[in-house]
Structures are given as structure tokens and as C-alpha cells.
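Hi everyone, thanks for coming. Today I'd like to walk you through some aromatic contacts, so let's bring the structure up.

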Amino acid sequence: MKKFFSLLLLFTLVLLTSCSDQSTSSAKESSLQEFSFVGFETVSMNDSTQTILIAPERAYGDSLIVDFVKLTEGMTLYLAADDDPNDPELGELLEETSVIDITGITSFNVVVLDANRRIDAIWTVTIQEQNASSSSVAKSSSSRVASSSSGIHSSSSISVSSSSAMMSSSSTRLSSSSISSSSVVSSSSVSVSSSSLLSSSSAHSSSSAVILSSENTVLSFVVGAVSGVIDTTAKSIYVELAYGDDLSAVVATVSVSEGAVCSYEGAEDLRSPYAFTVTAEDGTIAHWTVKAGVQLPGSDFNTWANSKVAPNSFWGTSSDAMATTTSAIVYSYSSEANLTQVSGAAQLETKAIKAATGIITWKSKIATGILFTGSFEAGVETGDLYKNATDFSQAANLLDYMTLGKEFTGRPTSFTVEYSYVPVTESGIAQKGLIYVMLVNKASKTIVASGAILPTTKVTSTTQTIVLNYGGASWMTSDLPVPTGMTVGTGEEEVTSIYVVFASSAYAHIIGLVGAGDGDVGAKGVAGSTLSIGDFKLVY
């Protein structure tokens, strides 16, 4: 029996040890392995409670800059946009140099998402209260001693000018007997500057500290001859450069408050907001961001080169091809330019292309007025657009003649456009205008960001701002003049090209017949519909 109980005890110990090992081996590895901030010490990082305690190494401002993030492969980190402990709304993606606003708060939450964008963990970051000693503005190591005429300097050799010094003794010369036995003098000899007045009861400190400035403002930010626009409240800067400038390596001259030090140096990538610090004399840190952008050449549509129907070579249009008259074996084809400058604006008008033989006019086809970033194939004529078809059943697609897109590397947040729209209605034809912007990675055929306006009713002159959706293009359908074979990306891809398209009839890039019957190609626009474009700007 004793042997039986011994074996039972041994079996129990082995089982417990096995369970313990299994529990230990199956313990989940933390998905957030490291998370630190510029100018802050990570005091503790507790996996079990999912809490991080950080402490300022010096006085700090109203924001944090992420210094380093280490996650399990496939994971991403986001700022929580609310205090929901189980299913918070997601804020911005957090990575190195991300800026977190901590105005009025001492803690915030961050969310780890797995590869399937499910919540893996929610961590709380708390800022430790700053000790009074650490916030001192005058540290002995950085104190400056004032050199005034009344100061006494603690040096190993101090001499007295006897010309104006009045001592309590009748003699201006100090002898060893004139120093009381209770006095302790650290230097080998003592003196006062000629303007000093000393009595035996006066006491002077060994140094006089100057209060250091806490100013940490950017006064100017200059790239070449261009000065950035500074917002001291938001601590942000925007600098608009010329189209074609390299936004990924911007060298700037930065002027800051007297005595302050700026961390912006070298050639920095300003395609996205770049975070830097300005440190005041007393060590107080301000976190600033700067971003650069460009405008598209000719996008105010006020100056048109060489009387062309486009502002310059940056923009393409089918209007040149529309403004020709060509002849085939029997038929002749004619239309008119459908892009003109009217009162400083680019006016697009949907026009008909007419086919005629002798004095008889045959069926007409409808073509949208279109203006876009890119180029239209040279040598195309109205006959090509009509397709020279005697059976009238063939349709031309303007996209076949268009090379969409121009080189572009910026990351604007939105675009603003001044426009008006006058549709001409016709039974059975849905009429729309079209304005759209796509930021594209051309190599991967990826739409990085997009935004659009599709007016369906009359719009008098107005200015509208459209937010660019990074990682989205919900407005886009296949029957619009959009490039084929493109996929919508995540919004994180590099931007290499910009597509901007304006059209007076959104669907009439397919050139079809007016009142087409069975077997014929129907028109998707109405002649006379106009879209006028004034100032167009990208917003950063």
C-alpha cells in the first residue's frame, strides 16, 4: 500500500510539472515588444497588465514623438481615438516620428491589430508626474554667471582694489590679524572690484544665475528663396515648392528663438509631415511638424500658351482633334473645339461630331469636352473619333488616345476647385459632369488616394473642397473615364503620378450616336452641356 501511495504521489508531481511546462510554453508572446518616445525614459512595460509608464527626461511640451516601435511580424499599432477598453475607435497609424497630442492628458491608449486587422491588444501609456527638481529652469551645469561690477567671483585668487573700497577697519590692507578666528575664507587672497562697497556684515553669493529663456518658436523656415508658412499655435509649417522639386530631400534654413536649438538638419523627406524639435535655453522642448507641397502647372487656368486649347503641355485634351474637318471616301466629318478659355476659366462643352455626304447631314455622334493631366495622341482627327463608319455602329473611346497622368510625389490631404456646371437634359440620358483626382503608384498600377465631384444638376459658380481618401475610391465605376487595370491600395504606397480629369459629360468619353436605335451605339451625353473650371489647388 505504501508503495502504491508513493507511485501515486510521483504521478501527481509529474502531471503538475507537465501542466506547468505546458502553461509556460503556451504563454502568449507580447505583440508589442518595444515602444519608446523621444525625450522620455521607459520606466516600466508590463505585459500582463498591458501598461507602459514613461518619465520625462527634461521639461516637455504638449506632444510626444514616437522614437521606436517593435511589433510581432504582421502587427500594426494605432492610437485609440476614444476610451473604450474593449473596442476603441482607431486613430492614426503609429510608427517612428509619429506625433501624439497630449494636451491636458497624462495617459492614452494604443491598439495592436493583427494581420487580419483584429484587435490583438490594448495598451495604456501613462506619463509619470515630473519631479520638481527635474523641472528646474536653472541647473548648476548650465547656469551663466553675471559679470556685473558689484559681483564677487569665487576664484582661487581674488584681489581688492583699494582706491574706492571702504572697509570696516581703518586700514585698507588686510592682515592676518584682521580676520576673526571664526571666519573661513576659501581662497588664498580676497579683493573687491573698484566699484564695490563692502562692510564686515555683508554677504554675497559665490555666483549669480541668469534665468534661462523658455522660448522655443520657429521664426522662419526657408527653402531656397521660398519662405514656409508658420502656424505658431499648431506648431506646424507648410512650404510650397515648385513643381518638379524633390520633396523627399528638402534642405532648409531654420531660424528659432534666441538661445534655442533646432533638430532639423540635412535633407529631410517632407512628402509627409516631418516631426522635429526646438529646445529652449532652459531645456523646454516644443514638437513641430513641417510638410511641403507643389501646385500643378497652369492649374489657375488664367494663362494659356501659344493660343492652344490647353494651358500648357502639362494638360491634355481632345479639343484639337474635335476642331478638324476630315473626309473619307464618301463622308466628311466635322466638329468644333470643345475646350475654350472664358473669363479666366477653362470651359468644357459637350459637342456633336457630324457626318455628311454632299449637302446631306447624316447621323451625329456626341463627344464630351475633356481636360486632363497627360497628353492626347497627336494626329487624331474628327474622322478617327467618329470611326469613319458608314454603318454608324462603331464607338470611339477617348481613353484609347489619352495618356493619363503626370509625375508627382506629394501627398495632399484634399483639393479645392472653383467650378460651375450647366447640364442640358434629354429624355433617357443621365447627365453628369466629372471632376476627379487620383494619386497613383504607376509601377504597381495602384490608386493610393482619390476624390471626385459628379454634379447632376445646375451648379452656379462655387468653390468646393474634396478630401482625398487614402486607400479608397468608392466613387469610381467602370463606365467613367478612368484607367483600366488599376487596383485600390492601402494608402501607404509611394505616390509617383497624379491623374486629374475634368469632363462636361461624365459618360460621353464613349462617343456614341444621338438617338441611336437597335444595334447602334447610344450617346451618353447631351450637346451643349458645359463644365467651367476656375482655380484648382491641392491642399496639404
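**Aromatic rings and their partners**

Let's start with Phe502, which is buried, with a relative accessible area of 0%; buried here means under 20% relative accessible area, with a 1.4 Å probe and protein chains only. Before going further, please keep in mind that this is a predicted model, where local features need pLDDT of at least 70, side-chain atom pairs count only at pLDDT 80 or more, and totals for chains, interfaces and linings use all residues. Residues are numbered from 1 along each chain as its sequence is written, and side-chain values use heavy atoms, with hydrogens and water left out.

Rings of Phe, Tyr and Trp (its six-membered ring) pair if their centres lie within 6.5 Å; planes under 30 degrees apart are stacked, over 60 edge-to-face, and the rest tilted. That rule gives 17 aromatic pairs. In one of them, Phe301 and Phe502 have ring centres 6.1 Å apart and planes at 80°, so this pair is edge-to-face. Phe301 sits in the loop between β19 (285-294) and β20 (315-317), while Phe502 belongs to strand β37 (residues 497-503), 201 residues apart; strands are DSSP runs of E, at least two residues, numbered from the N terminus. Phe301 is buried too, at 0% relative accessible area.

Which pair is tilted? Tyr436 with Trp475, at 5.0 Å centre to centre and 35° between the planes. Tyr436 lies in strand β32 (residues 434-441) and Trp475 in the loop between β35 (469-470) and β36 (487-488), so parts 39 residues apart in sequence are tied together. Tyr436 is buried at 0%, and Trp475 counts as buried at 17% relative accessibility.

Finally, ring pairs join Tyr243, Phe301, Phe314, Trp315, Phe415, Phe502 and Phe536 into a cluster.

Definitions and conventions. Helix = DSSP H or I, 4+ residues; strand = E, 2+ residues; numbered from the N terminus. Buried < 20%, exposed > 50% of the residue type's maximum accessible area, 1.4 Å probe, protein only.
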